[in-house]
Amino acid sequence: MTIWLLRYSIFLLILAICNGGSSDLNSRYIDGGASSSYLTVEASDQRNGSASSTSASLLSRSRHEIWKKDELNEILSFARRRENVEWLKSLRRKIHENPELAYEEIKTSRLIREELDRMGVDYRFPMAETGLRAWIGTGDPPFVAIRADMDALPIQEAVEWEHKSKVPGKMHACGHDAHVAMLIGAAKILKSREHLLKVVSVASFNGGDNLDLIPKSVVLGGTFRAFSNASFYQVRQRIEEVIVEQASVYRCTATVDFFENEHRFYPPTVNDERMLEHVQKVATELVGPENFRVVPPMMGAEDFSFYSEVVPAAFFYIGVRNETLGSIHTGHSPYFMIDEDVLPTGAAVHAAIAERYLNSG
């Protein structure tokens, strides 16, 4: 597998299944966390090495039936064992107390490696400076990859609680602490069920300051977003056309710099219907249909969209809101916090999505 555009250090978990023969299902990617997750699948024709974005038999009903409800219950029960719940909370709190910015996650990475060592899970370190990739099994295709961001944000935490950030000006305000904890939890679940996976591999954003002078030039900046690539590039074209032409009306000149030589545009993260069906089925069986709902499109930028450009993807949230605890603020807020009781559920959802996918072939 080739992992590209590692813009942040990550913990990547790769699960591979060897079925003794050729397969259409070559690689699958899942990204999950306290706030959001992704499941993507890449279909590959092994005869000529070319890649295809879909497979007609990918999620046929008969393949779903192979996986029994009892196995979902086993995964959820394992995640909800008292010792595992306390362990997941402890992991998340250690990471939350010691937030590290992108490419500086020395302690976070060390903690992950220590936990993997205890599980007997092999890994490769470093990747993208502080990231790592761990695996269980042979590493032969097809495989599932589950990824978690590790970095914190340059925000001063405003939540007063026992495990508040100990680092001034830095905070896990986007849930990456819970993201990592859930993924470590998923690794533990899957490691314990390795014998059921048919042979597995587990890899882890002026015009001056003189108020008495009209400046000779000004600089305007901002971001633009869209829900599709087509509309995104139409907006990009119109921004340049309008700015340049409107400036010429006033006998001025204008140039537009999209910084394309320094940063690649973040494409939209687009859901694939089959992948969404798979996530929905597993999630509803785990937590009940009353606890699953479709949310409207959002304008958030997400680097995992680079994966979804080339493989089918499904984006889902794991709810962390709890008004009683004060968990009511959105990500990137200094008041952001989560309900830690969701950690075992998040770990179980990730593990179940991966396991069912591997065993549905």
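The predictor's confidence in each residue is given by pLDDT, which runs from 0 to 100. In this predicted model, local features need pLDDT of at least 70 and side-chain atom pairs count only at pLDDT 80 or more, while totals for chains, interfaces and linings use all residues. Residues are numbered from 1 along each chain as its sequence is written, and side-chain values use heavy atoms, with hydrogens and water left out.

The protein has an average pLDDT of 78, and 76% of the residues score at least 70. Over residues 17–64 the pLDDT is below 50, yet beyond near neighbours in sequence this stretch has 164 contacts in the model (a contact means heavy atoms within 4.5 Å).

A helix pair comes next. Helices are DSSP runs of H or I with at least four residues and strands are E runs of at least two, both numbered from the N terminus. Ile 75, Phe 78 and Ala 79 in H2 meet Lys 188, Ile 189 and Ser 192 in H5. By class, four nonpolar residues, one polar and one charged make up this contact of H2 with H5; Ala, Val, Leu, Ile, Met, Phe, Trp, Tyr, Cys and Pro count as nonpolar, Asp, Glu, Lys and Arg as charged, and the others, Gly among them, as polar.

Backbone geometry also deserves a look. Most residues other than glycine have a negative phi, and most peptide bonds are trans. A cis peptide bond, with omega about 0°, joins Phe 125 and Pro 126, and Pro 126 lies in strand S5 (residues 122–127). Glu 129, although not a glycine, has a positive phi of about 80°; Glu 129 is found in the loop between S5 and strand S6 (131–136).
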